Amino acid sequence: MSTWPSSPSHRDVQLGPDGLDDAASGLPVKVDRLSPGQLPSRLRQIRSHGKWALDLAEFNCASRASGGFAPGSVAIVAIEQARDSTICGIPLKDDMIVTIPASTSVTATVQPSLSHTGAVVPMSIWVEIQALSAGTILAGAADHPNAVQLSTTDAKMFRSQMEAMADCLEADASGAALPEHTPIALMEYL
């Protein structure tokens, strides 16, 4: 069983197949283990008390998960290795980005060696990010999960940036709790 360290802002843990219920920030889930897994799963999480989060995960057992995504937030998940996994009915592929909006009912099938990097940000931040990238004000964010396939080069660059950001945020969280506001560097990159 894993626990959060004395600073609740970050953790870097190995989890057994029965310790995955808190493996996705902002998404309390029920996990049904389908296989024991040969190796423990690895999870790095950096989060600010329900306001924003960054997760880097590699799952090493087959499981099925279901839960409700937190209202007021959106998840942006970059898939590194899909391994025939699915989320919200979307068959995952390597180098894919999946966005999951607030209040989405989430179901996922996870196969061993699924790895991803995910960020959770407030919906208002995501709408702002989309407006800036589109160059126009949008009425709102999509109300359903969406997937976009990236080139291998772009996906590798995204993951590298998120890993570097996780390293910096973990260092910042070592001495104190992280701020509630979404880090500007994370917003700019997303």
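Student: How many bridges join strand S6 to S9, and which way do the two run?

Tutor: This is a predicted model. In it, five bridges join S6 (residues 73–81) to S9, and the two strands run antiparallel.

Student: Which residue stands opposite Ile100 of S9 there?

Tutor: Ala75 stands opposite Ile100.

Student: How does S9 pair with S12?

Tutor: S9 and S12 (residues 146–149) pair in the antiparallel sense, over four bridges. Thr99 stands opposite Asn146 of S12.

Student: Is S9 buried or exposed?

Tutor: Buried. Five of the five residues of S9 (residues 96–100) are buried, so the strand is largely enclosed by the rest of the structure.

Student: Which residues sit on each side of S9?

Tutor: Met96, Val98 and Ile100 are on one side. Ile97 and Thr99 are on the other. Both faces are covered.

Student: New topic. What is the strand order in the open sheet of five strands?

Tutor: The order is S2-S5-S10-S7-S8, with antiparallel pairing.

Student: Which strands stand at the edges?

Tutor: S2 (29–33) and S8 (90–91). Each has a single partner strand, so one side of each is left without a neighbour in the sheet.

Student: What joins S7 to S8?

Tutor: Two bridges, with S7 (residues 86–87) and S8 running antiparallel. Ile87 has Ile90 in S8 as its bridge partner.

Student: And what lies in the loop between S7 and S8?

Tutor: Cys88 is found there. Cys88 has a positive phi of about 50°, although it is not a glycine.

Student: What about Arg83: where is it, and what is its phi near?

Tutor: Arg83 is in the loop between S6 and S7. Its phi is near 50°, again a positive value in a residue other than glycine.

Student: How exposed is Arg83?

Tutor: Partly exposed. Its relative accessible area is 44%.

Student: What does Pro17 touch, leaving out residues up to four places away in sequence?

Tutor: Pro17 touches Arg33, Ser35, Pro36 and Cys61.

Student: And how far apart are Pro17 and Gln38?

Tutor: They are 21 residues apart in sequence. In space, the C-alpha to C-alpha distance is 9.8 Å.

Definitions and conventions
Residues numbered from 1 in each chain as written. Predicted model: local features only at pLDDT ≥ 70, side-chain atom pairs only at ≥ 80, totals over all residues. Heavy atoms only, no water. Pairing = 2+ DSSP bridges. Buried < 20%, exposed > 50% of the residue type's maximum accessible area, 1.4 Å probe, protein only. Contact = heavy atoms within 4.5 Å.
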